[in-house]
Amino acid sequence: MLRQLGTTDVGNGGGTGDEKTSVGGSLSNPGPRSSPKSMGGGSSGCLSGINRVVLILAVTIGSTCGVIFYSLYLISPLGTVGVGSPMVRGQVMGGAGAIARMGGAMELNPLSESSSGKLFKMKRKREYKGSRVFSGGKALGEGEGVLGLLGKKCSMWAVVTTIFPPTQTIRDLGNLTDWCVVVAGDKKTPKVYDVGEGLLGHVVYLSPSRQEQMPYLVKEHLEWNHFGRKNLGFVYAIHHGAQVIYDVDDDNVLINPQQGPISHYLLTETQQHAQPQTQSEVQVSWASNDHHLLNPYPFFHPTANHTQTPTTNMWPRGFPLDFIKDSNTIHTRRPNSNPNPIPKPTPKPKSSPNPWAPGRIGMVQSLANHDPDVDAVYRLTRALPVEFSEKNTLLALPPGKFAPTNAQAALYGIDSFWGLMLPVSVHGRVTDIWRSYLTERLMWDIGLVIAFAPPFVNQFRNPHSYLADFESELPLYLQASALTAFLLEWKSSESTLPGRVEDLMITMFEYGILGARDVKLTQAFLRDLLRIGYVFPKVDSDKLFSGGKALEAGVVDGRRDGDSVDSVSDSTVLRKAPSVSR
C-alpha cells in the first residue's frame with residue numbers, strides 16, 4: 001500500500017508522540033522521536049507535503065530542522081518507510097528505533113549504506129599522463145624576469161574581479177594613498193568602468209579586450225564569466241611590485257576607509273625585527289583545540305540581529321558539515337582569565353627563519369560583519385545579519401590544523417603569492433575554498449601559517465539566490481571532510497615549491513577534486529611568476545610537515561529505545577587525535 005508520511009513521521013519535532021503510524025502506519029509500537037530541541041524546533045515539519053511514488057530521493061532544506069539531509073522513501077509491505085541519512089553528525093531521524101526492531105541487517109549494521117547512501121571517499125580515479133613541468137626542479141631557471149612592466153608599480157595591491165559597475169569598495173581602496181587596485185573585468189562587466197578622474201592613477205581596469213592582449217600564459221586557460229578571471233589580476237599585481245595583495249570582493253566595504261586593510265599583520269621577518277613596536281601591537285592567539293579542523297567564528301564572539309546574544313554553532317563556508325557540532329573544532333579562551341588573555345608568541349632568535357613560533361603568518365583572512373561568509377545551509381536556516389565583537393586579536397593556526405578561507409577579504413604576503421591561484425574547473429563558490437585547503441597544506445612545508453583577523457570589512461552582499469548557492473556548494477558539503485583528511489597525510493617527494501604545487505594539483509586531478517584544466521592553469525601560473533621575476537620560497541627539509549591522522553566524524557546510533565539526539569555526546573564517537581609534529 002501507499003502512504004504519505006505526516007508531519008510526525010520523520011523526526012521533524014512536530015508530533016505528540018502517540019501516533020501509531022510513524023513507520024508506514026502498521027507498527028503498533030513506534031520508536032522514539034527526536035524532540036523539537038534536538039531537530040531545531042517547529043511544528044510544520046521538514047518533510048510534510050511531499051508525495052511519494054514508489055521511490056523518491058529528496059534533498060530537503062528546512063529552518064525547522066536546521067539541517068540538510070537526504071531521505072530515501074521505499075515502498076514496503078508495511079507501507080512507505082522513510083530512512084534518513086543525516087549529513088550533520090548528531091542529527092537522528094525519528095522512528096529509527098522502530099526500524100531497528102524490524103530485524104535483519106539494519107539491526108546489526110551501524111551504518112547501512114543500502115538505506116543511507118555512501119560517503120565521498122578520496123580514491124584515485126584516473127591517471128595524469130601530461131607533462132610535469134616542474135618535477136625534479138625543471139623549468140625554474142627558464143625566462144626569469146623577462147616580461148617588461150605594463151603600468152605603474154605599487155607595493156600594495158587590491159585585486160578584484162566583477163560584473164558590476166564600480167562600488168564603494170573600489171572607490172575606498174582607490175582613495176588610499178599607499179594602495180593600488182587592479183580590476184579584472186568580464187564579458188558582463190559594464191563596457192565603461194568609470195571610477196572617476198581622481199582615482200585613475202590608483203585603479204587599473206583590465207577590460208576583456210585588454211586581457212586578451214596581455215603577455216601572461218594564464219589567459220589561455222581562463223574562461224569568461226567565471227570567478228577565475230581574478231588570476232590575471234593576481235599576476236598583474238605581482239608583476240607590478242606587489243609586496244602585499246588584498247584579495248577582495250567588491251561588496252566588502254572597509255569599516256575604516258582611511259586605514260584600509262590592516263597590512264602590518266603581514267610584516268616580513270626583517271620588518272618584524274626592525275619594528276618591535278609594531279610587533280607588540282599585534283596580539284596572536286594560537287589555536288590549541290584538539291582537532292585537525294578549526295572553526296574560527298566562535299572565537300570572535302558572533303552575535304545576530306544586532307543583539308548581544310551570542311550566535312552558537314556558526315561556521316564558515318567550506319567547513320566540513322559533519323563537524324559543525326563538534327566542540328573540539330573550537331578554540332576557546334581559558335576560564336578564570338582576564339577578558340583579553342591573548343599571549344604574544346615568543347620571538348625566536350634573530351637567526352631563526354621564523355620569528356613567530358610556531359610559524360610565520362603568510363596570509364590573514366578578515367572576517368566580515370553584517371553578512372559574513374557562511375554557506376547556504378546557514379543562510380537558509382539561521383539568522384542574519386551577524387556582528388563579531390572581538391576586536392584585538394589574530395587567531396593563528398599552527399601546522400596540522402585546517403580552516404577554510406575565502407577570496408572576499410584576505411591579505412597575502414609576498415611569500416604566499418604562489419598560493420593565490422583560483423581553480424577554474426569548479427564553481428566560483430567552491431574554487432576559493434579548495435584553494436585555501438591546498439595552499440594551507442603547502443604553506444606548512446615552508447614555515448608559513450594562516451591567521452584570522454577581526455573584521456575590517458562589512459559585507460553588503462550582491463544579489464544571490466540562497467538555493468542556487470546551495471546547489472553550487474554541493475562539493476563543499478560532500479567532499480570537504482574527506483579532502484582535509486587526505487591533505488593531512490599528503491606528502492611529496494619534490495624538492496622545490498613549484499614542484500610540490502604542481503604535484504598536489506596533479507593529485508587533485510587524479511582523485512577527481514579538480515579538472516585537467518587546473519593542472520595546465522597551475523603550470524601556466526607558476527611559469528608566469530617566474531617570467532615576471534617572482535622568487536619562490538625555498539623548501540627546507542627541516543621544516544617539512546611530517547603528516548598526521550585526521551579525526552573521523554562518528555555515526556550516531558539513534559535506534560536504541562529511550563535515546564534522544566541530545567543524549568549522544570559529540571565526542572563519544574570520535575577517536576582521539578594523534579599527535580601531529582613538524
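Helices (H or I, at least four residues) and strands (E, at least two) are DSSP runs, numbered from the N terminus. The model is predicted, so local features need pLDDT of at least 70 and side-chain atom pairs count only at pLDDT 80 or more, while totals for chains, interfaces and linings use all residues. Residues are numbered from 1 along each chain as its sequence is written, and side-chain values use heavy atoms, with hydrogens and water left out.

The chain contains 15 helices and 15 strands. Of its 582 residues, 57% are buried, where buried means under 20% relative accessible area, exposed over 50%, and partly exposed in between (1.4 Å probe, protein chains only). Contact means heavy atoms within 4.5 Å. Among contacts in the chain with a separation of 6 or more, 76% are between residues 24 or more positions apart.

The interior can be described through its nonpolar cores, each a set of buried Ala, Val, Leu, Ile, Met, Phe, Trp, Tyr and Cys residues joined through side-chain atoms within 4.5 Å. The largest of these cores has 100 residues, and Trp157, Tyr216, Ile245, Trp418, Trp434, Leu487 and Met508 are those with the most contacts inside it. Helix α13 (residues 474-489) supplies the largest share of this core, 8 residues. Leaving aside residues up to four places away in sequence, Ile245 touches Trp157, Val159, Phe234, Ala237, Ile238, Ala410, Leu411, Tyr412, Phe417 and Leu420. A second, separate core of 32 residues includes Ile170, Val181, Val364 and Leu411.

Helix α13 also packs against helix α11 (residues 428-443): their axes come within 11 Å and cross at roughly 10 degrees. Axes here are lines fitted to C-alpha atoms, for helices over the stretch in contact, and angles run from 0 to 180 degrees between N-to-C directions. The helices α11 and α13 are therefore roughly parallel to each other; angles under 35 degrees count as roughly parallel, over 145 as roughly antiparallel, 65 to 115 as roughly perpendicular and the rest as oblique. On the α11 side, the residues are Arg429, Val430, Ile433, Trp434, Tyr437, Leu438 and Arg441, which meet Pro475, Leu476, Gln479, Ala480, Leu483, Thr484 and Leu487 of α13. This contact has 10 nonpolar, 2 polar and 2 charged residues, with Ala, Val, Leu, Ile, Met, Phe, Trp, Tyr, Cys and Pro counted as nonpolar, Asp, Glu, Lys and Arg as charged, and the others, Gly among them, as polar.

Helices α14 (residues 497-510) and α15 (residues 516-531) have axes that come within 8 Å and cross at roughly 170 degrees. That makes α14 roughly antiparallel to α15. Pro498, Val501, Glu502, Met505, Ile506 and Phe509 in α14 meet Ala516, Asp518, Val519, Thr522, Gln523 and Leu526 in α15. The residues of this contact divide into 8 nonpolar, 2 polar and 2 charged.

The structure holds 1 disulfide, a pair of cysteine sulfur atoms within 2.5 Å. Cys154 and Cys180 form it, with their sulfur atoms 1.7 Å apart. Cys154 is in the loop between α4 (113-116) and β4 (156-161), and Cys180, 26 residues away, is in strand β5 (residues 179-184). Both cysteines, Cys154 and Cys180, are buried.

Some backbone details remain. A cis peptide bond with omega of about 5 degrees joins Leu384 and Pro385. His301, in the loop between β9 (283-286) and β10 (302-304), has a positive phi of about 55 degrees although it is not a glycine. At 37% relative accessibility, His301 is partly exposed.
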